[in-house]
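Hello,

Here is the structure I promised to pass on to you. Please open it alongside this email, and take your time with it.

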Amino acid sequence: MAGREAALPGYAPLRRPEVESYLNHGTGIRSWIFTLDHKRIGILYLVSVLTAFLAGGIAALLVRTELLTPGQTIMGPDTYNQMFTLHGVIMVFLFMIPAIPGSLGNFILPMMLGAKDVAFPRLNLMSWWLYVSGALCALISIVTGGVDTGWTFYTPYSTTTSGNVVAMVFGAFLLGFSSIFTGLNFIVTMHKLRPQGMSWFRMPLFPWALYATSIIQILATPVLGITLLLLIAERTLHVGIFDPALGGDPVLYQHFFWFYSHPAVYIMILPAMGIISEVIAVFSRKHIFGYKFIAFSSIAIALFGFLVWGHHLFTSGQSDLGNMVFSALTFSVAIPSAIKVWNWLATMYKGAIHLDTPMLYALAFIFLFTIGGLTGMFVAMVAVDTHLHDTYFVVAHFHYVMFGGTITAFLAGLHYWWPKMTGKMYSERWGRIAWTFIFVGFQVTFFTQFIMGAKGMPRRYWSYLPQFQPYHVTSTIGSYIMGAGFFIVAGLLLHSLYRGRRAGPNPWGAATLEWETNSPPPWDNFSETPVVGDPYDLDAFQPEPEKATWVRTLPKDRLAEHHG
Amino acid sequence: MIVLSFWLPERASTMARHVDSAWNFVFWVSAFFAVLITALIVFFALKYRYRPGVREKADPAPHHHLGLEVAWTVPPTLLVVAFFWVGFRDFMDLATPPENSYDVQVTGQKWNWLFTYPGGYVDADLHVPVDTPIRLTLSSQDVIHSFFVPAFRIKRDVVPGRYNKTWFQSPIPGTYQIFCAEYCGKSHSQMLAKVVVHPPGQFERWLADASNFLDKMPPEQAGEKLYQQRGCPQCHSVDGKPGTGPTFRGLFGSTVALATGGAVKVNENYVRESILTPAAKVVAGYEPVMPTFQGRLNDREIDAIIAYLKTLSGGSGGGHP
């Protein structure tokens, strides 16, 4: 035992509960909402984005319930239009964009680098407060008239409709700045705070993915900010930019909007891919396959992602040349995405695969993301998109990518790092039950939407032709199954806080640095900077089930020769 | 073809066949990869499953292999180039109307479609001759709409301030659904119309009959036709139920409260003003959302509509003077 501990600088064996951790380092509400600790800010973000997810999810279930019958079921068209707008705005701006970087990224990234915090802790806190301010603006908008524009705020509808569009759009503007601050912070953190010995190619893949994400956050989000301010200027001061009645061009708005919002899809999916790369390797007990290809494909996706926005405008009347160029560039994103999928599969090959809850979510991710990515090729073909554009096919496609991708990976990461964040193990059995509900419910909900979309069911319809009812009813039933799954997740995580088994420092036997300190970590993360090794040296660990941890049995530098 | 009919709607234009074969191409390639990847996930997860005492450690295996990376990068690249080419080639056909096309102007407005024929006649549905290329010039009176006919596999946004074009040629007489595909507000989902493809020789007769309805019909009946054609029922019912606008049942001759305060008697002048400058005197409880019909309804047509409104106030015993 003594020998093992000597090989493990940086953490002491499992301690008693009253041991100091970031959770009891300072008490009271002010010690949380004004904290500069990246872990507490991560928890603040986690609570915030989960609250947003609950609100957006309830809106989704209400939308699906309304669609049970072709006519009015539970709400009129005005309420319905506000409801799907709320669902979109909340899920995109308040949940998916900040979810993984804000909560898991903030908590885990500095620890993966063996650092004590992010580079700019105050900017980090500012980022969360901007998030809260943006959310408050959205709330003000809801109670003072609501918004019925869809989350895309297309002009001239958004500049002429009633309701409080300005408050909602300003909220999205603030959320954009919150996102920029997070991205800026992460980039500087990765450049400046990597420890001795962690070259770029010894950095784990989750940070690589966050780096790619941060590039987009910093370069694309300002364009959204400017666009939203122009929209406010047009609506309040009647400056003619987008509305043809004032001399503007409504298609210009679409170009501006998607110049941000298409890369924003990669803000959502890249961190998700980072989580999957960690989880697949750890639960296959095998070194990640094709490390450099996975790392560079994240950067490639981030860069190509800037050049494809025009595929949202295939039917808008943009030039045929524009359609050609954007279609060709859009297909280029398929290649780095496929590279990741193949490398994940190769990682599983000959592994010793533990089908714990995080791995189940990771496998679901690969499956759902594959479907989402392949159906993306249908809509990248201009002629086929001419038929599919603005139908439920597109709705199904982006839910496979964003829900099947981002949310599934978020759940994988949440279950994976939950013991690290809280010091408690959740119920594996209930975790698998919840996974089953969510996975099955998801297929029932969204696969149905591919079919009805291909048959011509347009999106954002409050009423519909009776021939589509069987699909809508099936889809709604699926959404209830999924909803039940999420309540089980909430239940099992909350239960673990009170009744969960105590987690050891490294309950999954992972080789990244965040596992080399207590669970939950002390407020300064590491008593001394950990020694850097190969982040995927997973052969080096042996389980010690009675302590709910794994311990390193082989030295850290033994794989050094593999990395020139 | 079972797969096609499971996924795609009926097919009634010359271009639909090309779009469907492009769909088929991408569908089968995608299905192949989806099945392959899913099979690998399941196979690996079962075969290499961790089993205490049996399989506790991964087998030694290399963790990088340039040949493999190239092998799974190059063929997909070639495939997506093929997808791009097929999709773009067919799109150029979709986007290029033949020179000898028959022209119809399409106007989108909240929340109905108007189809204007070369002679100036306006209808709420699109009537066309069979086997003839039809070129549509699309424009909007207000916000963005999108003209979508699933059976023809065509969709084109209808954007205010610019003219977009699309075309089709239908070889099969019948009636096909038109949807609005770009979200445009409250009654977006009711912004529907039909394409009627007439058998040979019948379109010309239909157009001649329809075009001079003002001469042939009594004014009340012509007014009812205009009410139907120009989209009035989207907001104004005739059965007494309030919609986005007040019902026309019993409206003419009554006195209505105005949103700005005060009241007005609904007579010929008020109806005319409300058609030409709808925002001038809005009835209390309604939003000023009606588009103007200035330049789109002439005096004779307005007279006909007034005549129709009078019939809805039931001069026989409705109590109104």
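Below is a short tour of what turned up. Please keep in mind that this is a predicted model.

Let's begin where the chains meet. The contact draws on 75 residues of chain A and 71 residues of chain B. On the side of chain A that touches chain B, several helices supply at least two residues each, including H4 (77-112), H9 (250-284) and H12 (357-380). The largest share on this side, 15 residues, belongs to H11(A). Sorted by class, the side of chain A that touches chain B holds 44 nonpolar, 21 polar and 10 charged residues.

Staying in chain A, have a look at helix H15 (residues 428-454) and helix H16 (residues 469-499). Their axes are 7 Å apart and the helices pack at an angle of about 155°. Angles over 145 degrees count as roughly antiparallel, and H15(A) and H16(A) are therefore roughly antiparallel to each other. The crossing of H15(A) past H16(A) is left-handed. In their contact there are 19 nonpolar and 10 polar residues, with no charged ones.

Chain B comes in three parts: domain 1 (2-95), domain 2 (102-211) and domain 3 (224-312). Taken over C-alpha atoms, the centres of domain 1 and domain 3 of chain B are 56 Å apart.

Ser101(B) sits in the loop between helix H4 (74-95) and strand E1 (102-109) of chain B. Setting aside neighbours within four places in sequence, Ser101(B) is in contact with Pro133(B), Ile134(B), Arg135(B) and Trp167(B). Phe168(B) is 67 residues away from Ser101(B) in sequence, yet their C-alpha atoms are 9.2 Å apart in space. Ser101(B) counts as partly exposed because it has 16 C-beta neighbours inside 10 Å.

- Ser519(A) and Pro520(A) are joined by a cis peptide bond, with omega about -10°. Pro520(A) is in the loop between strands E2 (501-502) and E3 (541-544) of chain A.
- Another cis peptide bond runs from Lys110(B) to Trp111(B), with omega near -5°. Trp111(B) lies in the loop between E1 and strand E2 (112-116) of chain B.
- Lys350(A) is not a glycine, but has a positive phi of about 65°. This residue is in the loop between H11 and H12 of chain A.
- Arg153(B), also a residue other than glycine, has a positive phi near 60°. Its loop lies between strands E6 (145-149) and E7 (154-158) of chain B.

Is Arg153(B) buried or exposed? Arg153(B) is buried, because 29 other C-beta atoms lie within 10 Å and 20 or more are enough to count as buried.

Technical notes: Residues are numbered from 1 along each chain as its sequence is written. Chains are lettered from A and ligands numbered from 1 in the order in which they are written. This is a predicted model: local features need pLDDT of at least 70, side-chain atom pairs count only at pLDDT 80 or more; totals for chains, interfaces and linings use all residues. Domain bounds come from an automatic or database domain assignment. Axes are lines fitted to C-alpha atoms, for helices over the stretch in contact, and angles run from 0 to 180 degrees between N-to-C directions. Helices (H or I, at least four residues) and strands (E, at least two) are DSSP runs, numbered from the N terminus. Angles under 35 degrees count as roughly parallel, over 145 as roughly antiparallel, 65 to 115 as roughly perpendicular and the rest as oblique. A crossing is left-handed if the near helix is turned anticlockwise from the far one by less than a right angle, and right-handed if clockwise. Ala, Val, Leu, Ile, Met, Phe, Trp, Tyr, Cys and Pro count as nonpolar, Asp, Glu, Lys and Arg as charged, and the others, Gly among them, as polar. Two residues are in contact if their C-beta atoms, placed from the backbone, lie within 7 Å. A residue is buried if 20 or more other C-beta atoms lie within 10 Å of its own, exposed if 12 or fewer, and partly exposed in between; C-beta atoms are placed from the backbone.
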